[in-house]
There are 2 protein chains.
Amino acid sequence: MQSHGHTLKAFDQDLGDLRALIMTMGSFAEAAIEEAMRCLVERDEAAAVQLVEADVQLDELEAEAERRVVELIALRAPMADDLREAIAALKIAGVVERIGDYAKNIARRVRRLPKKRHVEPLSLLPEMAKIAVGMVHDVLDAFVERNPEKAKAVCQRDDALDDFYESIFRTLLTYMVENPQNIGPSTTLLFVAKNLERIGDHATNIAEMVYFAATGERLAEPQPRDEGA
Amino acid sequence: MQSHGHTLKAFDQDLGDLRALIMTMGSFAEAAIEEAMRCLVERDEAAAVQLVEADVQLDELEAEAERRVVELIALRAPMADDLREAIAALKIAGVVERIGDYAKNIARRVRRLPKKRHVEPLSLLPEMAKIAVGMVHDVLDAFVERNPEKAKAVCQRDDALDDFYESIFRTLLTYMVENPQNIGPSTTLLFVAKNLERIGDHATNIAEMVYFAATGERLAEPQPRDEGA
């Protein structure tokens with residue numbers, strides 16, 4: 001039993017390291033969303049270009065997470081439950097990487113906005129981004145704590161984000177109708193809002209995995225919502 | 001050596017079954033994209049609703065693929081290379097499921113289009129969809145054949161798809177500027193075009209995994225392209 005206990009402990013240690021790596025990825029992704037929004041609001045094109053380039057670091061962290069999962073499985077030969085946890089960590093790392101891609105997409109759009117003119121409703125988007133960042137933050141806390149209730153609470157916040165998106169979408173349409181000059185910038189902001197809404201979907205997706213891993217039960221599928229367009 | 005040979009064969013058999021399952025998912029996703037485009041062009045709202053509901057089948061196939069990967073690893077305890085192949089199959093199943101989500105998103109937009117009025121450039125979108133479906137089809141062939149050259153060729157077609165998107169994007173903007181009545185429907189089509197472009201990105205993503213699995217080398221990262229908005 002000694003050696004079995006030893007193996008178990010080594011697996012838990014490795015899995016703990018893997019979770020820490022995924023937390024690092026999460027912090028990176030959160031910071032990227034915030035910085036992308038700052039670049040957008042301040043039309044900071046130079047910083048936006050840097051942010052797009054920095055995304056490769058998140059890709060590398062994901063590749064590192066994958067390497068570690070493969071190593072962990074090959075070395076520790078975990079049994080069914082542990083194996084599922086390792087696979088779940090791999091999937092979550094993939095989702096965090098995609099959240100980073102959305103931040104990158106937002107940064108790419110900065111140069112599409114007019115430099116001088118005030119663009120509405122640019123003031124609403126950072127508020128929407130705060131909800132999205134908060135969801136990413138809390139769902140990764142839930143992941144590390146293996147806390148199903150916290151995961152579930154994150155899912156519930158996705159409705160607020162969807163409502164925010166819908167409201168911004170409608171507002172943007174009215175700006176476009178009002179003045180054809182707004183069509184280009186409004187379209188850019190529409191894609192930004194959509195990216196933020198997708199980040200919320202991905203956070204929800206992680207929450208469902210965390211909930212399932214912790215309880216063995218599936219969260220009820222959310223009602224399919226129509227997406228504003 | 002007999003038993004080692006036996007184990008190898010069993011692993012290959014299981015992996016073959018897993019690949020067949022992923023091909024089934026691919027066929028499902030391809031058909032879903034085509035049907036979503038038909039619904040869009042013909043404003044077939046009833047069929048679009050059915051298509052959205054049918055997507056759950058693809059989710060179930062992905063869950064089945066994941067179960068099989070976990071089983072395969074737990075039962076056959078594959079060595080590093082085989083393990084990586086099993087993990088790659090898991091990741092590819094996840095990407096195919098996301099491709100299905102894009103088809104679902106397109107289907108969801110059908111009811112946003114005006115029923116009677118002709119909407120431009122609705123005639124271009126099915127052509128764009130054909131390229132996307134062709135990429136999905138060929139990359140899954142490359143996956144099953146473990147054919148790196150075919151995978152590479154798929155990546156190269158993504159440029160054509162991106163150009164198509166850019167062209168449709170610009171066309172849609174001109175329609176919106178021309179007549180405010182076009183803004184709503186054009187925005188809907190803009191999201192459809194974006195979904196098709198993203199399907200191409202995902203096919204490229206699979207192609208990179210297939211190429212890496214077959215050659216051990218990374219395909220050169222494509223130049224970051226600006227996305228039309």
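In chain A of this predicted model, residues 24 or more positions apart account for 84% of the contacts that have a separation of 6 or more. The elements behind this pattern are of one kind: chain A has 6 helices and 0 strands, so that, read from the N terminus, the order is α-α-α-α-α-α. The C-alpha trace of chain A spans about 75 × 40 × 20 Å along its principal axes. Of the 229 residues in chain A, 51% count as buried.

Leu21(A) gives a view of the inside of the chain. Leu21(A) belongs to helix 1 of chain A. With a relative accessible area of 9%, Leu21(A) is buried, because anything under 20% is counted that way. Which residues touch Leu21(A), once its neighbours within four places in sequence are left aside? They are Leu61(A), Glu64(A), Ala65(A) and Arg68(A).

Two loops contain a residue with a backbone angle worth a look. Most residues other than glycine have a negative phi. Ala77(A), in the loop between helix 2 and helix 3 of chain A, has a positive phi near 40°. In chain B, Arg43(B) is not a glycine either, and its phi is positive, at about 50°. Arg43(B) sits in the loop that runs between helix 1 (2–42) and helix 2 (45–76) of chain B. Is Arg43(B) buried or exposed? Its relative accessible area is 15%, and because this is under 20%, Arg43(B) counts as buried.

The next topic is the meeting of the two chains. The size of an interface is often given as the accessible area lost when the parts come together. For chain A and chain B the buried area is about 3600 Å², with 60% of it on carbon and sulfur atoms. Chain A contributes 36 residues to the contact, and chain B contributes 36 residues.

How many salt bridges does the rule find across the interface of chain A and chain B? There are 4 salt bridges. In a salt bridge between the chains, the side chain of Arg112(A) meets that of Glu166(B), at 4.0 Å from N to O. Polar contacts between chain A and chain B, with both residues at pLDDT 80 or more, number 2 residue pairs.

On the side of chain A that touches chain B, the elements giving two or more residues are helix 2 (45–76), helix 3 (80–108), helix 5 (148–178) and helix 6 (183–215) of chain A. Helix 3 of chain A supplies the largest share, 9 residues. By type, the residues on this side of chain A are 18 nonpolar, 4 polar and 14 charged.

The model scores ipTM 0.86 and pTM 0.90. Chain A has a mean pLDDT of 90, and 91% of its residues reach 70 or more.

How values were computed: Residues numbered from 1 in each chain as written. Chains lettered and ligands numbered in written order. Heavy atoms only, no water. Contact = heavy atoms within 4.5 Å. Buried area = accessible area lost by both parts, 1.4 Å probe. Polar contact = N/O pair within 3.5 Å; in protein donor to acceptor, adjacent residues only side chain to side chain. Helix = DSSP H or I, 4+ residues; strand = E, 2+ residues; numbered from the N terminus. Nonpolar A, V, L, I, M, F, W, Y, C, P; charged D, E, K, R; others polar. Buried < 20%, exposed > 50% of the residue type's maximum accessible area, 1.4 Å probe, protein only. pLDDT = per-residue confidence, 0-100.
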